[in-house]
Amino acid sequence: MSGLWQDKLRKIDPYVPGEQAQIPDLVKLNANENPYPPSPRVAEVFRTFAVDGLRLYPNANATRLKTALAAHHGVSPTQVFVGNGSDDVLALTFQAFFCSEQPVLFPDITYSFYPVWCSLFRTPYETVPLNAQFRINPRDYDRPSGGVLLPNPNAPTGIAENRAFLEDILAHNQDCVVIIDEAYVDFGAWSCVPLLEKYDNLLIVQTFSKSRSLAGLRIGVALGSETLIRTLEAVKNSYNSYTMDALTIEAGAASVEDDSYFRATCRKVMDTRERCAREFEALGFSVCPSSANFLFVTHPTARAKDIFLAMRARNLFIRYFDLPRIDNYLRITVGTDDEMDKLLTALREYLAQANV
Ligand code: PMP
């Protein structure tokens, strides 16, 4: 046997998501999941769903979910796209919109899935360095490109930019599609939705995984002009017509329709975030100003990797990225007040003992 066929296999370094361990008493603050349950209306859908309907294929257009989202955002259902998590939606946007020879631009410190999709789809790209405070300089994006991709708030820093900044980026990038990944926008950042009226090359991507406590259900959303959404639909329908199952479509719509629960849950996460930011600072950490459901922190003397391992040994999971420029930082998801207090207590003990 030659084994030569192995040379023909795809070689790729995949994205590595936060560890999903099944450990009793685990405090899981490593994947930016929401510590509160989804809307009770979602549970009601699961209780009452007519299982016999599963004999049939789901509605390929996910009309019920799109209609609920359109009403929520004040746009037309033809401006809404839904997919199997925002990772699925983003992967489709690469295939739909980043088709030129010119490089796609995104920050050097950002969601680490972006370069993986570039590699998978053979999309040329260039990373644009953030400044020392992890901020984006909009002037760095004033040049011809194959597309612009920015998360707002950025991940893993949590730093958000305001309306003037985002409009500036759009005004200077009219020759390509500009994607704003708003995975964390509901925790206090400004959403670009009002700019959709003005910029038909703007595509906004959102998710139900964070602010709607539905990471397990897998719902991602894109909002944009009819032309962009039609193109995304064409790519999706050339690949898999049924990315959304019938139960998910119903449960997702129920979540969107419970706006007061959604707002109250986001408020609780933001309140805990602000309290904990001050507590981390009291322990000596520098804390990036966060508009997300996580905090990005560094300590002047204790090494991030050592803290990460010490917390892990205590079943307190936080996220450490062994990547250039951020390898002395920790990303800590905002959990319940109780979970955060457990982490803060362990950190206080560790810092006292480690003599750092
Ligand atoms: N964008 C960003 C910036 C993220 O951090 C994540 C979560 N890992 C996603 C998109 C994808 O989220 P999901 O696929 O769960 O919608």
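**Loops, ligand and a helix**

A: Happy to: Pro156 sits in the loop between E5 and H5, where helices (H or I, at least four residues) and strands (E, at least two) are DSSP runs, numbered from the N terminus. This is a predicted model, in which local features need pLDDT of at least 70, side-chain atom pairs count only at pLDDT 80 or more, and totals for chains, interfaces and linings use all residues. Residues are numbered from 1 along each chain as its sequence is written, and side-chain values use heavy atoms, with hydrogens and water left out.

Q: Is the peptide bond from Ala155 to Pro156 cis or trans?

A: The Ala155 to Pro156 bond is cis, with omega near 5 degrees. The bond from Asn152 to Pro153 is cis as well, with omega near -5 degrees, and Pro153 lies in the loop between strand E5 (147-151) and helix H5 (163-171).

Q: On to the ligand: which residues surround it?

A: The shell includes Gly85, Ser86, Asp87, Tyr184, Ser209 and Arg218, a residue being near if one of its heavy atoms lies within 4 Å. Helix H3 (residues 86-97) gives the most to that shell, with three residues.

Q: Which polar side-chain atoms lie by an oxygen atom of the ligand?

A: One on Tyr184 lies 2.7 Å from a ligand oxygen, and one on Ser209 is 2.6 Å from a ligand oxygen. The protein covers 91% of the 400 Å² of accessible area that the ligand has on its own; such areas come from the Shrake-Rupley method with a 1.4 Å probe, and for residues only the protein chains shown count as cover.

Q: What about phi of Arg218?

A: Phi of Arg218 is near 70 degrees, a positive value in a residue other than glycine. Arg218 lies in the loop between strand E7 (202-207) and strand E8 (220-224).

Q: Is Arg218 buried, partly exposed or exposed?

A: Arg218 is partly exposed, at 29% relative accessibility. Buried means under 20% relative accessible area, exposed over 50%, and partly exposed in between (1.4 Å probe, protein chains only).

Q: Changing topic, which residues of H10 are buried?

A: Among them are Glu339, Met340, Leu343, Leu347 and Leu351. Seen down the axis of H10, the buried residues fall within an arc of 165 degrees, so they line one face of the helix; the arc is that of the directions from the helix axis to the C-beta atoms.

Q: And what does the face turned away carry?

A: That face of H10 carries the exposed residues Ala352 and Gln353.

Technical notes:
Polar contact = N/O pair within 3.5 Å; in protein donor to acceptor, adjacent residues only side chain to side chain.
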